[in-house]
Amino acid sequence: MTTATSKADAPEAATEKEKWLRAYRQMVRIRLFEEQVNELYTRALMPGLAHLYSGEEAVAVGICEALRLDDYITSTHRGHGHCLAKGAAPDRMFSELLGKKAGYCKGKGGSMHIADPATGNLGANAIVGGSVGIATGAAFAAKRLGNDRVSVCFFGEGALGQGSLYEVMNLAQLWKLPVIYVCENNLYNEYTHYSETTAGTILGRAVAFGIESASVDGQDVRAVHAIASRLVTRARSGVGPAFLQCDTYRYSGHHVGDINREYYRSKQEEQRWKTERDPIQLHAAWLLAQGYADSAVLDQIANEARAEMEAAVRFAIAASYPGPNEVDQDVYA
Ligand SMILES: Cc1ncc(C[n+]2csc(CCOP(=O)(O)OP(=O)(O)O)c2C)c(N)n1
């Protein structure tokens with residue numbers, strides 16, 4: 001093969017190659033998971049709605065690949081990507097979406113409430129900004145217990161309007177907690193451009209507390225991973241919290257039912273992001289250029305991921321619902 005392949009044959013490069021192929025696989029898995037969710041919705045097999053993560057995959061993958069399994073994340077209403085990137089199983093996720101007993105919350109939570117303690121996922125959250133206290137509390141516990149776990153708090157730029165974010169950032173900085181606030185700026189809070197809801201700058205809010213702050217191209221998985229690795233190492237060493245703004249874009253509507261979107265954003269804008277800034281295509285082009293893969297390898301990854309997701313959907317459709325006698329079990333409210 002090419003010179004680039006012989007570079008990949010060196011032991012050090014082999015590790016790099018595996019690392020970046022894995023990142024590719026994880027992004028493709030998220031994209032194909034979300035395609036199946038949309039399909040379940042349009043076939044009226046899924047109760048309720050879901051908020052798709054397609055277009056934003058490099059953020060979840062770049063960050064979660066910098067974490068240990070026992071590190072924590074908290075997630076949002078748009079949480080499938082975070083959940084998968086941290087290691088959740090698609091069959092149990094689909095089961096949760098369909099209200100089945102095999103789901104992560106025994107079918108009682110649905111799309112916006114998946115939690116998976118085994119992979120450090122403390123939960124998605126339907127309340128905008130609702131997980132900032134949970135992530136900060138987990139970081140506080142980690143610090144008190146001295147177990148060097150790091151906590152990552154994912155939220156959309158819509159959560160910048162929530163006062164609780166500023167309460168927890170203040171305490172996190174005062175107490176030097178190992179928490180990283182990850183703002184996924186996909187430009188829109190529901191149907192409103194963020195510039196209409198956000199005064200000043202995004203980073204300025206964290207800078208005001210003296211928190212280490214950075215922004216990154218959220219469509220570039222390697223860039224996200226590089227900065228996330230630095231911030232995670234920093235947090236783990238006890239130096240304190242960080243804030244990372246990831247600039248990204250959601251391809252679909254706010255939720256699966258948001259079909260006609262031209263009153264708040266143009267088709268041309270969507271098309272531009274999809275053709276010029278797609279995180280999977282950008283990473284694929286890089287893998288090819290490095291000689292880490294050829295198109296057959298990338299096709300195989302996609303085929304395997306597609307088969308995995310189709311099998312997971314079949315599992316969930318065939319799974320049973322919880323019995324009526326279980327309706328008040330495992331419910332805390
Ligand atoms: C406290 C609260 N207010 C309003 C809503 C309704 N709501 C759901 S998602 C959303 C916008 C969220 O935008 P953003 O945080 O940027 O996340 P994105 O959907 O863009 O990923 C709103 C206003 C809510 N769920 N919770």
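Modeller: A backbone N or O atom of Tyr188 lies 2.8 Å from an oxygen atom of the ligand. The model is predicted, so local features are reported only at pLDDT of at least 70 and side-chain atom pairs only at pLDDT 80 or more, whereas totals for chains, interfaces and linings use all residues. Residues are numbered from 1 along each chain as its sequence is written, and side-chain values use heavy atoms, with hydrogens and water left out.

Colleague: How many residues surround the ligand, and which are the closest?

Modeller: There are 15, and His77, Arg78, Ala126, Gly158 and Tyr188 are the closest. The criterion is a heavy atom within 4 Å of the molecule.

Colleague: How do you know that β1 and β2 pair?

Modeller: Two strands pair if DSSP finds at least two bridges between them. Strand β1 (residues 72-74) and β2 have 3 bridges, in the parallel sense, and Tyr72 stands opposite Ser151 in β2. Strands here are DSSP runs of E with at least two residues, helices runs of H or I with at least four, numbered from the N terminus. β2 and β3 (residues 179-185) pair over 6 bridges, with Tyr181 in β3 as the bridge partner of Cys153.

Colleague: What is the strand order of the open sheet?

Modeller: The 5 strands follow the order β1-β2-β3-β7-β6, with parallel pairing. β1 and β6 (212-217) stand at the edges with a single partner strand each, so one side of each is left without a neighbour in the sheet. β3 and β7 (residues 242-247) pair over 6 bridges, and Asn185 stands opposite Asp247 in β7. Asp247 is also the bridge partner of Asp217.

Colleague: Why is the crossover from β6 to β7 called right-handed?

Modeller: The term applies if, with the strands pointing away from the viewer, the path from the first strand over the helix to the second runs clockwise. The chain crosses from β6 through helix α9 (residues 221-236) to β7, and this crossover is right-handed. β2, helix α7 (residues 163-174) and β3 likewise make a right-handed β-α-β unit.

Colleague: Why is Glu270 called buried?

Modeller: Buried means under 20% relative accessible area, exposed over 50%, and partly exposed in between (1.4 Å probe, protein chains only). Glu270, in helix α10 (residues 267-276), has 8% relative accessibility and therefore counts as buried. The side chains of Glu270 and Arg261 are joined by a polar contact of 2.6 Å. In strand β2 (residues 151-156), 5 of the 6 residues are buried, so β2 is largely enclosed by the rest of the structure.

Colleague: What makes Gly133 partly exposed?

Modeller: Gly133, found in helix α6 (residues 132-145), has a relative accessible area of 40% and is therefore partly exposed.

Key
Polar contact = N/O pair within 3.5 Å; in protein donor to acceptor, adjacent residues only side chain to side chain.
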